[in-house]
Each structure stands twice: as structure tokens, then as C-alpha cells.
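Biologist: I would like a close look at a single part of this model. Please take me through that part, then the wider setting.

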Amino acid sequence: MTDSKYFTTTKKGEIFELKAELNSDKKEKKKEAVKKVIASMTVGKDVSALFPDVVNCMQTDNLELKKLVYLYLMNYAKSQPDMAIMAVNTFVKDCEDLNPLIRALAVRTMGCIRVDKITEYLCEPLRKCLKDEDPYVRKTAAVCVAKLHDINAQLVEDQGFLDTLKDLISDSNPMVVANAVAALSEIAESHPNSNLLDLNPQTINKLLTALNECTEWGQIFILDCLANYSPRDDRESQSICERVTPRLSHANSAVVLSAVKVLMKFMEMLPKDLDYYGTLLKKLAPPLVTLLSAEPELQYVALRNINLIVQRRPEILKHEMKVFFVKYNDPIYVKLEKLDIMIRLASQANIAQVLAELKEYATEVDVDFVRKAVRAIGRCAIKVEQSAERCVSTLLDLIQTKVNYVVQEAIVVIKDIFRKYPNKYESVIATLCEHLESLDEPEARAAMIWIVGEYAERIDNADELLESFLEGFHDESTQVQLQLLTAIVKLFLKKPTETQELVQQVLSLATQDSDNPDLRDRGYIYWRLLSTDPVAAKEVVLAEKPLISEETDLIEPTLLEELICHIGTLASVYHKPPSAFVEGSRGVQHKRLTSSAGSGESVESPDTGSAAVSEAPPTVIPSQGDLLGDLLNLDLTPPTSTGPPPTTAPGMQLGAMDLLGGGLDSLLGGDIGGSPAMGTGFGAPPAAMPASFNAPISGGLDDLFDLGGGGGLTMGTYIPPKSVWLPAMKAKGLEISGTFVRRSGVIQMEMTLNNKAMSVMSDFAIQFNRNSFGLAPAGPLQILTPISPNQSIEAALPLSTVGPVMKMEPLNNLQVAVKNNIDVFYFSCQYPISMLFLEDGKMERQVFLATWKDIPNENESQFQIKDCHLNSDAASNKLQGSNIFTIAKRTVEGQDMLYQSMKLTNGIWVLAELRVQAGNPNYTISLKCRAPEVSQCVFQNYETVLKN
Amino acid sequence: MIGGLFIYNHKGEVLISRVYRDDIGRNAVDAFRVSVIHARHQVRSPVSNIARTSFFHVKRSNVWLAAATRQNVNACMVFEFLYKMCDVMTAYFGKISEENVKNNFVLIYELLDEILDFGYPQNSEPGALKTFITQQGVKSQVQSKEEQSQITSQVTGQIGWRREGIKYRRNELFLDVMESVNLLMSPQGQVLSAHVSGRVVMKSYLSGMPECKFGMNDKIVIDKQGKAGSNDDGAKSGKQSIAIDDCTFHQCVRLSKFDSERSISFIPPDGDYELMRYRTTKDIILPFRVIPLVREVGRTKLEVKVVIKSNFKASLLAQKIEVMIPTPLNTSGVQLICMKGKAKYKASENAIVWKVKRMAGMKESQISAEIELLPTNDKKKWARPPISMNFEVPFAPSGLKVRYLKVFEPKLNYSDHDVIKWVRYIGKSGIYETRC
């Protein structure tokens, strides 16, 4: 007899017929009918109308029939909650059955029915089953707690099931232990701080014992749970590793990979000079290689993980290059992953072999694979310097095949090779130019155009080549358009005589005929640059470019660390943190490796570190790292001062003028007699600026300074608390937090640099972008010792105000670039404007009055400061600490009027009238200044000073 | 954990659908059909993320198996589980086909209920499952209490793969060492990569709960014994020992004992099972050498000559030898001359297939072919896929030898000597390719 016939009933009136059959007296007929119902349910037909009839069949001795009815119940109970109640009695009765299989079946099924009323009835049977004499029932009940928790977490806690579940970890039966661990791990995930899985050496020991005895699946649950444990010291770490290593020989790949995860994680704790550390490294390689002889789907998972492992610990597989060679019949997803790993493992020792293989792959059929192989050759060239020459010649061979996509891919990578090894392989340019016609992909076209522009002086007909692209300018993709614009400007700077017309053409195409803002902006920048100062333009456009490195395609270290903690899971397959693809709270905790740094001390729990980061989000960072800002400084010089550039067309002048108008003039010039040049206005550098004041200062010294400098009446400068400027995630593990202080006339930027990466950081340097008040470092950033992982260092950087000026938005925004041995990072931060208030900012009364009158009324702005409970004297004292000086005080009808002045480092005076009414916590402040732009900032400063 | 498990036929019709978690809805079933089975382009990853649901899929003949989840599950475990499920189904009703799945859908639902609970895999050993999931559901009712508890303790117990009280009149076991030898050779005859992946497969018909110990010529063990034992003995056997790169074992093998003493001891499951898998890369005997010679004569003609040499004891015979020589897509005609066996050009496979039934060791044979090509304007050169080979030889190319398999059953009165043991070595080609 076969069951397939149940799938074929599709006639009308089916439901009615089924109903009759379900209510039949004959057992056989009933069973047949239920089977038909289940078959319909499987193909997606709605058979919920039969609910009462099916539930009636539940009371049966036939276990097969019972299971079918249960299956139906699990599917439809939610849509018929009231009728589902009918089933409760049978469940409760079954939970008392003599046969353990039936008891377990009942409790298992009940947990799958997500109906509140049923859940209530579940509690008692579940409690009994958790203590059942039969292990089969107990292991089923353990999972049922997790099910119930998913439906009603509160109920589980109230009923005390969590404690019972914890007790099951000590159960005599290994499978019960494994299921209890799985259930607890899942529940713990939704309560990150509950400490539910109270892992201590005793429980760990129990788990390790159960590990040897339970099923393959149970071993996975236990290993995945163990991976969350943080051993107290390296000895404990080692002893766990020793007991986990035998799992590497298990036939089940998941057991192997989960064991690898535990070992990779705990290895961090072991001192590198330990013999055992080396032994462990050696033991890891063979099982990883063996995973590659599993089924292709598992190979894929393994390869994605090996990709991570190789980045973290390249030494493990460095001798195993050959096993990653692609086989002709590998599925494409395996091929692509193998290729990635081959490049990661490529070194001087094996590069010849790797290149021979890659060349072989480049002739295969699958387009994606071939492209990746060609790209891989380029990456090898960049990674292993000794092989660059051979790579280039291989790429040239491939270009000769004239296969379109191979040629294009090759040109893209050759561009990168040029960037890595300038002035070495330019002889091949001629060959590349031959293929100009056949390029139809944007990336390849852009790369080729870049090459032509960069080496315009060596290509005789560079102008013709570029001109040919210009014809269809508007049909090109943005990438190509931008590159073409830059290339032609480069060409013009190199051969100005012959290419004027060309550059004019491209500039007008970019600025007038395009509606792409990026393109227009870049066009304007070049245009103005060329028209203002061709020499500067040359310096900017033809500046030496930083070399590119192989690191660009590595996974960012903090992410890599997190992914290592997720070896074997989906996260490691996607190479994304779980939070990127899992919804809700589940599994979104960030995991991190704990290293051996603090082997003696108590080790940070894996979660707290990253929690701290997320608690203190970076302060406002508008337009991060706007490097182009540099180029926009034209506003400072009147456009007429330089001679009209040769290429200036009337239309262009107009466009440029538009952008140049307005701007900063009032801020910069207004107060200092309307002189358009700014030099004088920026005044002398602050009087006292000890040059030797730049070494890192310890906290104690700081305090002393504070007392000495700010003694007497003043209450000391308000120093904003440090905030995170540069989060570690954005800077390959470097975290910078900091604040600004002004002490005895010196502005200082105080920073805490925290190394959260795994490698030592050194060679620090700092630079500011032009900013509103010309803040610039007064000396180099003094970090004398390299910062080792997990170490943080304090640094104080004295600032001067004589740097180049450019208006920022907001005014007190500062864009900073920090360089270290790893990379350059950009961030922006805002400084309190009081840093810029000079100590001699107290105006003479008479001058104050005259100035107040002199400044037009439209420059006055009024603000409210709410909820400030200081009296006028206290406020005055407090403000004086920030160099806001009270000149006079007047009391009118119970209202104190304070007249105050302050002077900015660039010579701008700000006058203020502060009205304080006794009993009213709201202050009114009026600010008058020749440069009204600063008012907003000054007001904010008042507010922060008064409220802190 | 696994949120749902679906089985489809090749048209994308659902044959089995079992949902374990609330976050997987009915629409997931359709999403997979639309985005993977009916996708215009072949899906290029065995894991697909569709609308924040991840699908793990494997295909067996014309049937798709897919596991769906919305959590960060152990991906390796999910695939292992899918394979295991295929094993279980095969153990119950043979080949996995649409017909068989439909015919056994009630059974499959029953199995799915048992081996996956809330998405967590449970005991999935067919031997254990068969004791209580039967197609005659009534049977469970007539079991005695002892029988029931015996079932549950086996399903959950330490030795979940074997039940107690097995009796055979004749205690017998069959041991097959099955190896597949893999090779990638350059046209010049340089070995680019070669490895043997081997399996030790057993069929045991033993009474009671026998304790077994398996020994082979593992270099590490032999060297250890060589040091302890007499000198010349160690030297003699040392020559024949092999270096095993890595091995994995059936879950019955005590891994901690292997880790500490490198001895393989276990209580075997009853019937068929795979005891271990291993991999070796050193001193492999490559049974055949393929020497290709391809010459392009103008644009429309290709001359191919392939020589194969057998490289093992002359007294042994290789069987089922098959050489596949790929031909370009624009082949219009092929003339073949071969010294031995039969050769044919198969246009559908774009290859010349040369079959030789038997070949003794230390022999040589060759085939030459003239391939005529149609002129094309296709710029892309022919990719020249490698020449591949299939064969079967009666020895283990890794050099592995079974030294002993001892059986102890203290409770029953049969000894190691009473057990009839059969050992067989089979070497097969894995991916055995020579580039040309």
C-alpha cells in the first residue's frame, strides 16, 4: 500500500467527504481520512474547517493516528484556539501514560501549540516530566521549557522551570544534559545579562564529561555553549583545550568545527611561548583540511570559516596551499571560495605554484570564476612583491587572448599594480592602449582612463584617446565621467599648450550639462583651482598618491574577532555579525575574544567591552573627513587678486563668482576694520605658550595646574567630559575620546587613545583640516611608546590659533586626521568656543558702551537659558572662569543685568547682556557682535558653563 | 535553530512541510520555490538569504531538501543534519525520489517529529529509530514495559547506536577498506596534488555487546611499538607503515582514547556502518599514469594521443578502466585508433570515452584520435578541460593494511577466534585528472 494517492484528491466537495469519513465508525477509514487531511495541509490547502472532526480522532489507541492528529493540531491550533481546548484533556491524560514514548510525545506536542489556554495546562505536566524517571521524557521536557519560554517567558520564570533546567545539567544521562544546555543557551540569549548559564569550573567539568558520552548533536550543543565561557587563567584554558581536542577526529563536521571554535577562542588565553600552544596549532590543520573532502555544501561552510581562520592565524594552514587548488568539477561556490583562500595563503615560497594555477583557471568557462582568477593574479602582485613582474607578464599573456572580460578585468588590476609599484611597469601601457576599443564595462573604462591620465606625458596621443571618450560623455556611468574629468585635468596640467580646448570642454560638460552633484562639484573645484592658482592646482591634482596595500581586502579586526567567536554558524558563512541578519534581540550580543593580556586578573566577560562602546556614542560628526574641504579655501582670497587664468571663459567666471560670494568675510574681516586680508586680524599668538608643554601629563599634575592657574576668585574653567570622537569600529581598533581645555592661556586637546585591535599601534601623527578659527597643533603629537593591544594612553596636544582658516558648519567643528602605522583615520569633533576666549577679554566700560551702540541692531541676537538656578553673582563668577568678564552690573526692578565681554583669539569681540531675575530660573541673554555667526556658539557655551 | 524543514520535487511542489518555529511562516515555503527552485539563474550558494530567512538546501536526485531559519544557527550542523536525514530516509525506504517521499509521507512526518525537536536535532541513528518508529504504528502498543524502557535508554543512552540482546548463531564480520585516489597532474607529468581519501566500512553480525579493537599500519603506532619492541622487528614493519594525515571516526569510537593512546576501540553498531575515514598524502601509489599529447593542426584539426601506463604489481588486475578525453565544442568528426578496449566519441558529452575492461600491472596502452573541427569565429580559445580517468584496483593505493580486528565479549561465551572475519581492499579513482 502506498500513501502517494492521498496527494491526488482534488475534486470538489472534498472537505465535505472528508468530514464524513472522519466521523466514520471504522478505524481504518478514519485513519485514511486523517492522512488525506495531512496531505492537503502539506500542499497548502486550508483544511482548518475540519478541526473538530480531526480532534475527535485524537482519543485513540493507535499511535500512528495519534501522531497524525497531533501534527494537525500543531498546524491549526493557533487559528482555532477555542476548539484547541478540547484537546487538553487528552494531552494531560497522555502525560500520565505508562509508556514513556507517549508521555514524551504529549509533552513535546503540547509545547508546540501556541495557545495561551493550553500553555496554562502545560505547566503541571511539564513539571512532572522534568523529573520523570525515564531519560527520554526528561530530555524532551528540557526542550519543552525552551518552547514555553518562547511563548511566555514570564510564566517560565514564575514557575521556576529555569532552576529545574539548571539542575538537569547535572543529570546522569548525557542526552538530557545536552538538551538542557541547548535550551538554557537559547533562553540565555534573550536575557543577555541574566547569568542564566552560570558557567563555572564545576559546570564546565560536567559538560566536558557529558561531551564524551552524548550523541553527535549533543556534542555540538555542548561545544557551542563552552565557546561562551571565559576561563579564569591560562591553565584552565589549556585543560579545557586538552579535553576538547579529541573531538577534532569526529566524523561529524559540525562537531569538528565547533571544537575548532572553542580552541581558536581559548588559544587567545595561552601564552605563545608555551609548548602546548605550538602543539595545538599543529593539531588544527589536519581536521580543517579533512573538512574539504566532505560534501560540497559542507566544504562551502568550511571554506568560509577557513577564510576567517587564515586571517586570524595564518600560520595554521600556511603549508597547505595545495589542498585549496580548484578541481575542475568543484561546484562554482566552492571554486570561488578556494580562490580567496589561495590568495590569503600566497607567499613568496609558493607564489610560483599559485600563479601557474591561477593562469590555468583564467581559461575556464565560468565567467565569474575567470574574472576572480584574473583579479587574484593582481592581488598576488600586490601581496608578494617578488612576484609582481611575473604577475604582470601573466596578465599581459591573458590580455593577448582577447577574451573581452579577461582583458577588462586585467586592466582593472594592472591599474592597482601601477599604484603599488609606481614607475616600474609603465612599459606595458602601449599594449593596454591597443585594447581601448573593446572595453565596455565602466570599471575597466574608468581604470583605463585613469591610466591614460596618470601617464599622459608618456602617451603621445593621450589627448586623442581621452577625446574619443568625451564624445559620449553623458552616456557614461558616473564612475567613468569622474575619472575622465580628472584625467583630462591631469593631462592639461602636464601638457597645457595643446589641451586647453579639451579641458574647457570637459569642465563645461561636467558643470553645466550634468545633473550629477558629485560631478558638478568636482568640476567646479578643478575649475576654480585652475583659474586661481595653476601651480597649486598642480600640487593638488598631481600630488603623490599613497601606495595601496594588500590589507584593503582583509576583514576589519574587530569584526574578525567577533566572527571568530561565531565559527561554524551562519554569521561565519555570511561574514557578517549576527545583528546584521537576525531580527529582534536574539543573538545580537557582540562577542569578542579575550586575550591573554590579563591572565592574572579577572577577565572581562565577553559582552561588557563592546557594551561600553555602544553606551557612549560618538558625538555629532557632521560630514566626516571632508577632505575636499581643503580645496574650498578659495573664499579667503578675493577672486580678483590673481591674474585671470588663460582658460577663463565668461560663463565660467559667473559660475565661480556665485559660489565665491557671501561666505566668511563678515566674520573674518568685520571686526578688524574691514580689511579683506586676514593676516593682521588673527593677531599675535597667545601670549604665554610654553613650547615644552606637550608631553603627556599625568592626572595629578593636571590638578596642580588647575589650582595654580585658576586660583583666587575664579572657579576654574569648565571642562567638558571626554566623549568618544573616533569609535574603534571605524578606525581598525583605535578608539579616541577626548576633550578641550584652556589652561593659563594655552588651549589643549586632551585625548585618550585606546588600542582595541590585536596589533601594536605606533607612529602616531595628527593633523587638522582648516577650520573657522585657525586651530592647529602647536607641536607634533607626542606619543613616545607604541600602544600595545588593550592599552590606552593619555595625550595632550597644545593648540595654536595661527593655522589656516576656513569657515566650518557648525562654526566650532574641527575635522581631524590621525595617522598611525595602520592607516589614516578621520573624525570630526566640536570644541567649546570658550577655549578661544582670551584672558584679556575685559573691555573698558566706555569702550563697551560705545561698541554696543556702534554694532547695528540686526547683529543682536537674543536667547533664553532655561532652568538655571544660580544668582547673578555666582553666574558671574562661574563665567569668569571661562574668560567671560562682567564689566558692569545694574539692578532694575529686581532684575539683575550683567554686562559682559569676551574676546576671541582672532580678535573678534562679543558683548553680552545677561538678565537674571530673582526667583525665575530662566535667564535672557542678548549678544552683540560684529560677526553674528558666532552668537549661536557663544550662547551654547553660556548654557553649558552655567549648567555645569 | 532550524525553524522549518521542507521537501520539494523538482517542479517546486511541496511534498513535506514541517514548521518548528513560530518565526517561519507558510510564505517561507513559497519564497524558496520562487527564489531558488524557479530561479532563472542557477543558485550559486548552498545557503540563500531570502527576506531575512536563511535557507540551507541540498538536492538528492530530483528532490530538494531545505531547512529554513531566522536565527544565527550552526550552519555546519544544519547541513550535517540534512545529510543525516537523507541517510535515515534511505535506511527506511531506499532511494530518495519524489515517488518514495510521497509514498512514505506519514512515516517522514513521524521521523521528523522524532529527530528534530524545536529545531534541535535529536538521536538520528537509523538503528535506534527503527526500534520504535515503524510503519506499523500499532506495534508500539504491545511492547512490554521492559521493552519500552530499553528503547528509551537506548535512544538517550551512551550507546545509542546498538541495542542489547542481539544474537547470531554465526559471529561474522566483513571489513572493507575502500579508497579513492585523487590526482591532479600537469601535462608534463608533475603531480600538482594527490591524496587518498579512504573509508573503513564494516558489516558486523556479532552477538551481545562486543568490545572491538581495530589496528592498522599507522606510522605513529608502529614507530611507538618499534621503539618499545625489538629493533629488527620495528625496522621491518616500519617500512610498510603509512603516515595518516587525519582521520575521523564513527561516533561509536572512543575519541579520547584515540587521542591519548592512538588505539581505536569501540562497541560496533549492528549491521552496516562506516567505522572511519582517513586521508593520506604521502607515498601514494598512483595506479595509472596518463600521458597526453595534443597537437593543433591548423584551425580545423586536432591530433590527440593518450598513453596510459599501469603502475602496480603485474599479478594484479585493474578493472573498469575508463578514460575521458574532452573534445572542443565545434568537433565535427573523430577518427579513433586504440590498442586495447573500445573507444567512442560521445557528442553529447563532448568527449571521447575509451573503455578497457581489464588491465594487468606494469602494462601500457594508447589511443590516438584525429579530431576535425568546424571553423568558428569564436575568439575564445578552447579551455582544454583535463583528461579524467576511472578505474578500480584490488589494493589500497595509500598502502594501508589492516593489522588486526579483535573482538571481546566477556558476557557471552565466544572468543575472538570464533569470529569469522573477512577483509577486502578496493581502490577506486576519485578525481583523477591530467591536464593537457
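Biologist: In which helix of chain A is the place of Arg371(A)?

Modeller: Arg371(A) sits in helix H21 of chain A, residues 367–383. Helices are DSSP runs of H or I, at least four residues, and strands are runs of E, at least two, numbered from the N terminus. A word on the source: this is a predicted model, where local features need pLDDT of at least 70, side-chain atom pairs count only at pLDDT 80 or more, and totals for chains, interfaces and linings use all residues. Residues are numbered from 1 along each chain as its sequence is written, chains are lettered from A and ligands numbered from 1 in the order in which they are written, and side-chain values use heavy atoms, with hydrogens and water left out.

Arg371(A) counts as buried because its relative accessibility is 19%. Buried means under 20% relative accessible area, exposed over 50%, and partly exposed in between (1.4 Å probe, protein chains only). Neighbours within four places in sequence aside, Arg371(A) is in contact with Tyr405(A), Glu409(A) and Glu441(A). Contact means heavy atoms within 4.5 Å. With Glu409(A), the side chain of Arg371(A) makes a polar contact of 2.6 Å. A polar contact is a pair of N or O atoms within 3.5 Å; within protein, one must be able to donate a hydrogen and the other to accept it, and residues adjacent in sequence count only if both atoms are side-chain atoms.

Helix H21 spans residues 367–383. Asp368(A) joins Arg44(B) in a salt bridge between side chains, 2.9 Å from N to O. A salt bridge puts a side-chain nitrogen of Lys or Arg within 4 Å of a carboxyl oxygen of Asp or Glu. Chains A and B have 13 salt bridges between them. Helix H9 of chain A (residues 135–151) gives the most to the side of chain A that touches chain B, with 8 residues. The contact takes 109 residues from chain A and 91 residues from chain B. Across that interface, 40 residue pairs are in polar contact, both at pLDDT 80 or more.

Now chain B itself. Chain B has 9 helices and 23 strands. Of its 436 residues, 54% count as buried.

Last, the cysteines. The structure holds 0 disulfides over all chains. A disulfide is a pair of cysteine sulfur atoms within 2.5 Å. The closest cysteine sulfur to that of Cys95(A) is in Cys129(A), 4.8 Å away, too far for a bond. Cys95(A) is buried, at 7% relative accessible area. For Cys252(B), the closest is in Cys212(B), at 8.5 Å, also too far for a bond.
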